[in-house]
Amino acid sequence: MGSSKLPPSTTVLKWLGFVSAVWVQAISGNNYTFSNYSDALKSLMSLTQLQLNNLSVAKDVGKAFGLLAGIASDRFPTWVILLIGSLEGLIGYGAQWLVVSQRISPLPYWQMCFFLCLGGNSTTWMNTAVLVTCIRNFRKNRGPVSGILKGYVGLSTAIFTDLCTALFSDDPSSFLVMLAVVPFAVCLFAMFFLREIPSTATANAQEESSFFAVFNALAVVVAVYLLGFDFIKNSGKVVSQLFSVGLLILLGSPLVIPIYSLFKSWNSNQTQLDLEAKIEEPLLKEEAAAAAVEQSTVVKEEEITEERTPPVIGEEHTIFEAMKTVDFWVLFVSFLCGVGTGLAVMNNMGQIGLALGYADVSMFVSLTSIWGFFGRILAGTISEHFLKKSGTPRPLWNAASQILMTIGYILMAMAMPGSLYIGSMVVGICYGVRLSITVPTASELFGLKYYGLIYNILILNLPIGSFLFSGLLAGFLYDMEATPTPGGGNTCIGGHCYRIVFVVMALACVIGFVLDIWLAFRTKVLYSKLKANKKSNKGSS
């Protein structure tokens, strides 16, 4: 590890690690699947809508403890973080399966809240392990890395939903078995391959970009494949089984990248041996130069300490230094306006669909997931392109998504025929954009050194937003409009059930738009510098 010369197998391991990261993300969006089994919980436990929404809040509160994952990511290897997350998911969703399958009688409400919280927290460990490791491994392509990984998180809901539809006919009990067991198995596999690779082993930016283009293309094929199945769900058993096999093959297709890298390293092995002697001296010089830079950095840090000057935006920040900046809180609140309202729609999609007269809401859950994927993967790639080309600040893309999200909420508030189809797609796209853009933005504004912790503090917006917009706003307003049902609980049918909720969330998105425009203006100079740095690096490579 201490040698600057790293074998070609290390590059293969880096790409194999990224493939395993993709698979982890493809099964770590289980937090967005609550609507698929929430109605079963509501009837089994005789809950009101407010009580059901608070269960979904408990699930999202688990993300608040993601701070532990952020702290641990700086102290423990990636495999430990993955192991903790997989065990939490196995226990949290396993307990819910026992209740929904009626193998045990319904647990007390507070215990259900605990297991939902545990299941929700499991994804923060998985996401932290994957994002922190991969962004550090591919520093020159943070946008595409974030877009691809977050894109597969978006697809994960559709993957679980469509597989359950194909194999188990939307049975909530079988669905929860998948949520408990599949992530556990995938994380066990990823533990062997996902790790930080020294920067000297990083391939050139052009090769990385071409590989990421392949990842993007394969991900789009998976998304279109899932979208196609959503429109032919009433197919026979044989077609459903063939769909499942085809989906598993497509999910395994990213392996072509590490396989290609392996064959390439074999073919160029002799050439590499010849070049090592020539490269050795420049590498030593690079190490000497790095040591000199490090020494000068220490001197500069001492000078900064003496002058007590806080770091400038774009430099390495500790979490406390970041939280003292206006930019952090502008990013935090605008993120809340976008993901908080989006999560409220996802948590309540089951009841929104039933209120508008749809007996089966799995279609809307899947649509939100798939279009969320397109939002994530396109935002990461497009924002990176325009950053390199014209220095466009990433927050501008967040601002655009907030306006589009506002239109989506207005459409759903109007409750016209088909508005839920359009609204679920729009919300999915914009929610995906916000998640994909905020990940690299945080690293560019506040650095990578404490990124794991900073990322998890921003993710606090998920439980906060869930509590404000889903637990309080949607829960109270729905119960005000609903009528009691025999045996406990309540129900509401009609466009009026969620109309005020959608109007309030549209106003929140307008506030988020204003904040994003402000942040884009404040970071304009930083992104101009990043554009210049990327051009100079490209010219020297």
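Where is T485 placed? T485 sits in the loop between β1 (483-484) and β2 (490-491). This is a predicted model. One disulfide is counted, by the rule applied here. Helix α17 (residues 419-446) packs with helix α16 (residues 395-414) and also with helix α18 (residues 451-458).

**Packing of α16 with α17**

- The axes of α16 and α17 lie 8 Å apart, and the packing angle is about 160 degrees.
- An angle over 145 degrees counts as roughly antiparallel, and α16 and α17 are therefore roughly antiparallel to each other.
- The crossing of α16 past α17 is left-handed.
- The contact of α16 with α17 holds 15 nonpolar residues, nine polar residues and one charged residue.

**Packing of α17 with α18**

- Helices α17 and α18 pack at about 130 degrees, and their axes are 10 Å apart.
- α17 and α18 make a right-handed crossing.
- On the α17 side, the contact is made by T438, V439, A442, S443 and F446.
- On the α18 side, the contributors are Y451, I454, Y455 and L458.
- By class, this contact of α17 with α18 has seven nonpolar and two polar residues, with no charged ones.

**The disulfide**

- C492 and C497 are joined by a disulfide, with an S to S distance of 2.0 Å.
- The torsion about the S-S bond of C492 and C497 is about -90 degrees, so this disulfide is left-handed.
- Both partners are buried: C492 has a relative accessible area of 4%, and C497 has 2%.
- Buried here means under 20% relative accessible area.

**Other cysteines**

- A disulfide needs the two sulfur atoms within 2.5 Å.
- C430 is buried, at 1% relative accessible area.
- C134 also counts as buried, with a relative accessibility of 1%.

**T133**

- T133 belongs to helix α6 (residues 109-137).
- Is T133 buried or exposed? T133 is buried, with a relative accessible area of 3%.
- Apart from neighbours within four places in sequence, T133 is in contact with T78, T128, L194, R195 and E196.

**T485**

- T485 lies in the β1-β2 loop and counts as partly exposed, at 27% relative accessibility.
- Partly exposed covers the range between the buried limit of 20% and the exposed limit of 50%.
- Which residues does T485 contact, leaving aside neighbours within four places in sequence? They are N490 and T491.
- T485 and S46 are 439 residues apart in sequence, yet their C-alpha atoms are 9.4 Å apart in space.

Terms used. Residues numbered from 1 in each chain as written. Predicted model: local features only at pLDDT ≥ 70, side-chain atom pairs only at ≥ 80, totals over all residues. Heavy atoms only, no water. Axes fitted to C-alpha atoms, helices over the stretch in contact; angles between N-to-C directions. Helix = DSSP H or I, 4+ residues; strand = E, 2+ residues; numbered from the N terminus. Parallel < 35°, antiparallel > 145°, perpendicular 65-115°, else oblique. Left-handed = near helix turned anticlockwise from the far one by under 90°. Nonpolar A, V, L, I, M, F, W, Y, C, P; charged D, E, K, R; others polar. Buried < 20%, exposed > 50% of the residue type's maximum accessible area, 1.4 Å probe, protein only. Contact = heavy atoms within 4.5 Å.
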